[in-house]
Amino acid sequence: MSGSLLFDAIVFLAGAIICVSIAKRLGLSSVIGYLLAGVLIGPYVLGFIGEEGEDILHFAEFGVVVMLFLIGLEIEPKNFWNMRKSILGMGGIQVALTVGFTYVLFAFLGYEWYVALAIGMAVSLSSTAIALQTIKEKGLMNTTFGSSAFSILLFQDIIVIFMIGALPLLSNSEEQVSSTELEASATLIETLPIGLQTLAIILSVVLIIVTGRFVVIPMLRKVAKTGVRELLIAAAFLIVFGISYLMEFVGLSPALGAFLGGVVLSTSEFKHELESTLEPFKNLLLGLFFMAVGASINFVVIANNPLTIGGILLAIIIIKALVLFITGRIFKLKLDQNVLLTFSLAQVGEFAFVLLSFAFQLNILEQEQMDMMLVVTAVSMSLTPILALVNERLILPSIGTKESIKRPMDHIAKSQKVILVGFGHFGSTVGRFLRSHGVEATILDFDSNRVDFLRKMGFEVYYGDATREDLLESAGIAEAKLLICATNKVSVAKAISKIVKEKHPHVELLVRTKNRYDAYELLNLNVTHIYRETLDTSLALASDALHKLGFRKYTLNRQVQNFIKYDEASLKRLAAEPKRDEDYVFIARKEIEQQEKLLENDFKRGIVTYDNHWDSEHIRKVLKNSNTKM
């Protein structure tokens, strides 16, 4: 029965549900739960998953590909280009130093130079899956730490291409793999002369961009016209599978190709639809990947060489942590952001499995060396969430908030009646407008680099995670009248809203949201004062456009207010409806039709059509005519 696909599916799903539920109840990361589930169901504990564990790991790596595609969707090409210095700088320094230090370590241990170099390349790569999952789970993607970690991981995904191409040059000449074997496993790039390999890489990237613009987007438009949701899901997977296959065929990283595909589609109208379609599958596949990593830990190898493996594991983690900390210092990260970076990327990553296996095929590594390094890789990945937890609970509280908060807490609590959370472009505009009218606010932000910069600009900003109740209390929420949540993360807004609603109901909440879907979630938490960042700006633009076409300003101002009134009423009615249902589409269309009809009636029945009050243009015309007659 254990060979049945259905039985394996039941084992994986049951293990995930039980272990992740326990991990979340204990306040741990879901990644720890998945890894623990993999260890339990793997061949060395309960034995539910046997020899097929390695095959499952290869399939589960597709979760990493889907994740990078979705991350690419969130990054517009202009922003990607703006990040090039941090990608090449931070990523290049981290990889170069890690390879160098690891080479010295293994050379000191008596390994041949080509073995030490191959292991150094594998060790320099961190886990994109674990690091980015944890960063997104904690809502830290838009912090200095989040962007720095992403830059390093993206560089690693790019450099792995060249590492794979360089490994055959290290191949043991005395034990060469047969040419037939190499040809069978060789990719397109490896079969080309060195001069043409770069051209093949450039052409692959160009092909992704051109296909995305002129094939994929028109295809999605045709699929969308059918109105069949299953076709859109199939189209989303076709895009990711197709890009991954192309990259693998050429010999590049499938994850990198998927990321570039996401960037190309980030400016299309299907961006949000693709995100919502693939998100559930991404989380499930990533969970499967973490479980496969847990199941791949070979406890027999650990039992045979516990001291050797333990020593190498500790040395590698220390080397990677030291290099990451040095990299952060070179790029002037604040201490708390640098410590987060150090603990988050100190593991060996999933691409190390690929490099180590390939090095074994080329006879660079012996069987024993490969088994040992595979165990070190898997265990280091398993330890990452635990290290992150130690950092979060024990280290950061002593170096993060204390470093940034300098004003006494009693003074904060008594002097300000407004708490402003988030001080980016949106929040700083709110803060400046309040201050220009004599109203000071206690400003909290979770990016210490931004806090430091804004203090130089003359703002009294405090570092801290506003989803922590103790921080809100120290900021004076007990005596505050208003809490303005200006962050762009709906998860943070929801967490703050729950705390305020439950513990401080006297405080009025004014919450920023990106769009109506985020607004639905907040309305369902009984948050009434919601400000969609796209609403007022888009209506101002539409109003100006109609004014240039001959409509009167006063008429348009009245109609804008009517539109907001009708749209807010519609928003409240739609908040209770399920958003992934065909019924929602039908109801939303009816609401839009009704809203447009009401606005049209307002205009036609004369409420605004013949209302000339406060119309400066009309007044000027009347006065001009009067002066002419006089």
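User: Which residue stands opposite Glu508 in β5?
Analyst: In this predicted model, Leu482 stands opposite Glu508 in β5, where strands are DSSP E runs of at least two residues and helices H or I runs of at least four, numbered from the N terminus. Residues are numbered from 1 along each chain as its sequence is written. Local features need pLDDT of at least 70 and side-chain atom pairs count only at pLDDT 80 or more, while totals for chains, interfaces and linings use all residues, and side-chain values use heavy atoms, leaving out hydrogens and water.

User: How many bridges do β4 and β5 pair over?
Analyst: β4 and β5 (residues 508–513) pair over four bridges in the parallel sense, given that two strands pair if DSSP finds at least two bridges between them.

User: And what does the chain cross through from β4 to β5?
Analyst: The chain passes through helix α26 (residues 490–503), in a right-handed β-α-β crossover, meaning that, with the strands pointing away from the viewer, the path from the first strand over the helix to the second runs clockwise.

User: Which strand do four bridges join to β1?
Analyst: Strand β4 (residues 482–485) is joined to β1 (residues 418–421) by four bridges, and the two run parallel; Val418 stands opposite Leu482 in β4.

User: Switching to helices, at what angle do α6 and α7 pack?
Analyst: Helix α6 (residues 84–108) and helix α7 (residues 113–123) pack at about 140 degrees, with their axes 8 Å apart; axes are lines fitted to C-alpha atoms, for helices over the stretch in contact, and angles run from 0 to 180 degrees between N-to-C directions.
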